[in-house]
Amino acid sequence: MDTEEHFDLIFYRPLGYAWALLAKKLGVHPNVITIASIFLGIGAGVAFYFNNIWWNLLGVLLLVWADSFDSADGQLARMTKQYSRLGRILDGLSGDLWFAAIYVAICLRENVTSDFFMAHKWVIWVMAVVTGICHGVQAAMADYYRQFHLYFLKGEEGSELDRYSILREKFDTLSWNGNFWQKIVLFFYMNYTKGQERRTPSMQKLRARLQVKYGDHIPQQFRDKFRALSLPLMKYTNILSFNTRSFALFAAILIFRMPWLYFAFELTVLNFLLIYMVCRHEKICKTLCDELSN
């Protein structure tokens, strides 16, 4: 309840649960649901290319359907005890592929419908690339802070918080000959985690201090204190996730009929929230680190 967005609780979670029950009955693996969501999300991108309200409404439907599958795969994995790191990586990759297709569609559409972008075709592509990079960082940090919050609430078992050092050890034990694809996937996930840790130096110091002082048994009083400080920031992790992003996308395409406005929203509003969230979290972790030292 701390980390879930209200719209997810009232819409996507129940819908995803229904899909999960059906998939369980049919014997469908969670990763199959994830892969299906990738095709649906890419289909949404294709539909957004057309400057036609009915095609665009179809794109909205496909993207909502894709996200309901994104909710279903995790619930199915927990329901059937088929959780895996590969599934988590696929789950994160699926959203990136949806939006990659959508970004390309917006660029192609603006290059044939907007007088400005028709005259300066490179501008929209530069906007898309920069927005895509920012999108990746926003989503990565939102997920990291959410998992860190859950780590204090529920411990290692209730969180998906990974460490680069542990992933690196696992990576080094695998051989390229016998575990090629597993090693490739782990390589990208390992560097994804490294990027999260590099952007949160105070958080990493706090994790190290807690490990030295308490090991795996952090006192409940400290957990409660962290939760009280971190909880107000969870709303920002939700804003940087799917729903707010998709509402802005739908408004830019359906209401304003100017898809490039979505890029402007990500580059301004969401980047501002990202910087604010990181600074606030780092300040919290630094304060708690100082208290532990004293």
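**A friendly note on the helix packing**

1. Helices (H or I, at least four residues) are DSSP runs, numbered from the N terminus.

2. A word on what you are looking at: this is a predicted model, in which local features need pLDDT of at least 70 and side-chain atom pairs count only at pLDDT 80 or more, while totals for chains, interfaces and linings use all residues. Residues are numbered from 1 along each chain as its sequence is written, and side-chain values use heavy atoms, with hydrogens and water left out.

3. How do α4 and α13 lie relative to each other? Their axes come within 9 Å and cross at roughly 130 degrees. Axes are lines fitted to C-alpha atoms, for helices over the stretch in contact, and angles run from 0 to 180 degrees between N-to-C directions. The two helices are therefore oblique to each other; angles under 35 degrees count as roughly parallel, over 145 as roughly antiparallel, 65 to 115 as roughly perpendicular and the rest as oblique.

4. His135 sits in helix α6 (residues 121-154) and is buried, with a relative accessible area of 7%. Buried means under 20% relative accessible area, exposed over 50%, and partly exposed in between (1.4 Å probe, protein chains only). Leaving aside neighbours within four places in sequence, His135 is in contact with Phe99, Tyr103, Arg245, Tyr262 and Glu266. Asp96 is 39 residues from His135 in sequence, and the two are 8.6 Å apart in space, C-alpha to C-alpha.

5. Helix α13 also packs against α9. Helix α9 (residues 201-214) and helix α13 (residues 260-293) pack at an angle of about 30 degrees, with axes 8 Å apart. That makes α9 roughly parallel to α13. On the α9 side, the residues in contact include Pro201, Met203, Leu206 and Leu210, and on the α13 side they include His281, Cys285, Leu288 and Leu292. This contact has nine nonpolar, three polar and five charged residues.

6. Helix α4 has a further partner in helix α8 (residues 180-198), and the axes of these two come within 11 Å and cross at roughly 65 degrees. Which residues of α4 and α8 meet? From α4 come Arg85, Leu86, Arg88 and Ile89, and from α8 come Val185, Leu186 and Tyr189. They divide into five nonpolar, no polar and two charged.

7. Now for α2 (residues 30-49). This helix has 20 residues and reaches 30 Å from its first C-alpha to its last, close to the 28 Å expected at 1.5 Å a residue; the expected span is 1.5 Å times one less than the number of residues. Among the buried residues of α2 are Ile33, Ile38, Leu40, Ala44, Gly45 and Phe48. Their cover includes α1 (6-26), α3 (53-80), α4 (85-113) and α12 (242-255). Ala100 is partly exposed, with a relative accessible area of 37%.

8. Lys81 lies in the loop between α3 and α4, and its phi is near 55 degrees, a positive value in a residue other than glycine. Is Lys81 buried or exposed? At 75% relative accessibility, Lys81 counts as exposed.

9. Arg257 is the other, in the loop between α12 and α13. Phi of Arg257 is near 60 degrees, again positive in a residue other than glycine. Arg257 is partly exposed, with a relative accessible area of 29%. Not counting residues up to four places away in sequence, Arg257 touches Asn51, Asn52, Ile53, Asn56, Arg109 and Ala252. Arg257 and Asn51 are 206 residues apart in sequence, yet 8.2 Å apart in space, C-alpha to C-alpha.

Notes:
Contact means heavy atoms within 4.5 Å. Ala, Val, Leu, Ile, Met, Phe, Trp, Tyr, Cys and Pro count as nonpolar, Asp, Glu, Lys and Arg as charged, and the others, Gly among them, as polar.
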